[in-house]
Amino acid sequence: MSAEATNSATPGPVAGPVTPTVSRRKARARIDLRRLGRAALLGPASRGRLPDAISHVVDAHRAHHPDADLEPLRRAYVLAESSHRGQMRKSGEPYITHPLAVTLILAELGAETTTLTASLLHDTVEDTDVTLDQVGDQFGAEVRFLVDGVTKLEKVDYGAAAEPETFRKMLVATGNDVRVMSIKLADRLHNMRTLGVMRPEKQARIAKVTRDVLIPLAERLGVQALKTELEDLVFAILHPDEYEHTRELIVDNASRADDPLAEMADATRKVLREADIQAEVLIRPRHFVSVHRVSRKRGRLRGADFGRLLVLVNEDADCYGVLGELHTCMTPVVSEFKDFIAVPKFNLYQSLHTAVAREDGQVTEVLIRTHQMHKVAEAGVVALGNPYAPPSEEQAASSDGERADPTRPGWLSRLLDWQEAAPDPDTFWSTLREDLAQDREITVFRPDGGTLGLPEGATCVDAAYAQYGEDAHACIGARVNGRLATLSTVLRDGDTVQLLMGQDPASEPSREWLEHAHTAAARIAIQRWLAAHPAQGDAAGAEETGVLFRPTVDGSAGQEALADGQGVRPVVEGPAGRPATADVLVDRPGATVRLAGCCTPVPPDEVTGFSVRGGVVTVHRAECAAVARMKSAGRAEIGVRWGDTTECRVTLVAESFVRPHLLADLTEAMALEGAEIVSATVEPPTQQRVRHTYTVQLPDAALLPGLMRAMRNVAGVYDVSRAQPQTQGA
């Protein structure tokens, strides 16, 4: 798409990265751009005849689509060649060689005719006098949309925002037709192949954008053939020393007399022949970046580390047959087994991964897949042809209905959602890079059977905003796999997540949520709310608005609401109209009895007593930590037991999610059960949870289980328990 690239034969830092890959497609010599340029300048020989300049594109296209109508390609070339005539690339080649090369890349990947037609025309609107309306009139609405999708916005109109806004426009177009991004990726690959003529600083700038944005997009669309070559080209520009070292490692390994991968390939073929499994066994050398990563991970490389075996079969069942034979006849490395056939990756990738060990200890990685899986693994969405066309009867019969939607993958839907909320180009650009850096995806399930696709590391906060958008401001908690969890809980692939939503429309997010928001959609939604409500979002302001909770004599709450993020000051004092002791019998006549405040025992708890200063006997629950401490100190126990009176005072701890009006609802429920609140402490919220401690007077200890149940039934309360015994002395 840029006229500022040079011939691949031009010397430069990226003129030579020959990616060491076994033919992912049929081996095809790199096109001679000078020969291509001469053919392009000659133009079409006669009306209706296919020009010689696109013969290589036609050959590659027919290999995948033998019955394709080639007339649109002929007309597209004629228009592109006449429009670009006179334009030259910086290498001195006719500019038409660039759209031809981009189209050849896509043709070799198996793109259908409409994509190739748009590829030939992809720079005409940007760089010539051809208009989108002309393209639409001559080639139809689909081609017009694809060409428009990859056309850059003018710097004259957008200034420094031109690049991020161009990518925003392109991503929105990709949301409607993923073929837009296919053309952009092929365009960038050819420009990266021919980048050597540019200044080093410009090479580095283009390489960084390719690394941060386009390579992750190629990974998400499953176009591994483009992704791996782009990685190597970027590696050569940004890390020339490491690239040269890796190249030397590959060259040295290629000169070795022995080849453990070839030996393992022969052994694998023999095993599969004896098992009567028809399979093609190929050696798949690692590309430069892959070798570099393995060398950093393992240190000194051995022969088998420079590649993997690829086993191609005809049917899905044969994949598992191959796996069984290899694991039976060779020594498997169990930890290396992964089944991406039963559980495909989010980018449509399917394959079995395993590894087997040789007698000398070298481990060979093996990929097992069908020919169709291999085609999709290499070309991703490009291999699907026109994903918007109705499937043929054969495709419908072979589809299991469980594959990801190639026309709108989950990651793309999320990206399109949050980009609308990005307030400015800089925020969009930085957030896009962060979002694309999250290169793994998980799937979590909703209770209704639906699913949410989230990046690895996502939390319940992310799930809430993915499911509810800005309505997630009202989320008060979650259940993960049936168990209550904080919103900061990190989700794992396959988890079931039930989000607990508050009913108050004035609910608001907490600034703390930003620390746990992993997705761009969640971060932007929270930041927008905080920017619009600076007072509520300010932590200091939240502390200043803390409210005092003072229970009334009848036990009802005077505080009407606990707003999300607000602190509540503890209150210890309350009415003391009831005695603090139940009827306790002590084996020490005349002794004064006091129930220990650290564990607040009530009938029918098992209790024990200890004498303290003043002749007072304190009564503790038997499991109180203070009991063990005093025993170890040699303090003598005093026998105590409950009498007939069942009136009691007890301390209860309630754990809840933060929501408005929680205190009012909770204390009302306690009053209805006959509990009189003596004192209460409500701690400031942390991670959207709040802890309440209540000391209550009950007329009958038998009412305690019902009181605790009533408190648990209050919305937002997820646990109520007796106060845990403390370690301080009685």
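How many aromatic pairs does the count come to? The count comes to five aromatic pairs, where rings of Phe, Tyr and Trp (its six-membered ring) pair if their centres lie within 6.5 Å, with planes under 30 degrees apart taken as stacked, over 60 as edge-to-face and the rest as tilted. The model is predicted, so that local features need pLDDT of at least 70 and side-chain atom pairs count only at pLDDT 80 or more, whereas totals for chains, interfaces and linings use all residues. Residues are numbered from 1 along each chain as its sequence is written, and side-chain values use heavy atoms, with hydrogens and water left out.

**View 1. The ring pair of Tyr465 and Trp513.** The ring centres of Tyr465 and Trp513 are 6.3 Å apart and the planes stand at 75°, so this pair is edge-to-face. Because Tyr465 belongs to helix α22 (residues 460-468) and Trp513 to helix α23 (residues 513-516), the pair ties together parts that are 48 residues apart in sequence; helices (H or I, at least four residues) and strands (E, at least two) are DSSP runs, numbered from the N terminus.

**View 2. The ring pair of Phe657 and Tyr718.** With centres 4.9 Å apart and planes at 40°, the rings of Phe657 and Tyr718 form a pair that is tilted. Phe657 lies in strand β20 (residues 648-657) and Tyr718 in strand β23 (residues 717-722), so parts that are 61 residues apart in sequence are tied together by the pair. Phe657 and Tyr718 are buried.

**View 3. The open sheet that holds β20 and β23.** Four strands form this open sheet in the order β21-β22-β20-β23, with antiparallel pairing, where two strands pair if DSSP finds at least two bridges between them. β21 (676-682) and β23 stand at the edges with a single partner strand each, so one side of each is left without a neighbour in the sheet. From one strand to the next the twist averages 20°. Strand β22 (residues 689-698) runs antiparallel to β20 and is joined to it by 10 bridges, and the bridge partner of Val650 in β22 is Val696.

**View 4. The hairpin of β7 and β8.** Strand β7 (residues 441-445) and strand β8 (residues 451-455) run antiparallel and are joined by five bridges, with Val444 standing opposite Leu452 in β8. Five residues lie between the two strands of the hairpin, and Gly449 in the turn has a positive phi of about 95°. In a regular strand the side chains alternate between the two faces of the sheet.

**View 5. Lys345 with the rings of Phe340 and Tyr349.** Lys345 lies over the face of Phe340 at 4.8 Å from the ring centre, and the charged end of Lys345 also sits over the ring of Tyr349, 5.0 Å from its centre. A charge sits over a ring if NZ of Lys or CZ of Arg is within 6 Å of the ring centre and within 35 degrees of the ring normal.

Terms used:
Buried means under 20% relative accessible area, exposed over 50%, partly exposed in between (1.4 Å probe, protein chains only). Axes are lines fitted to C-alpha atoms, for helices over the stretch in contact, and angles run from 0 to 180 degrees between N-to-C directions.
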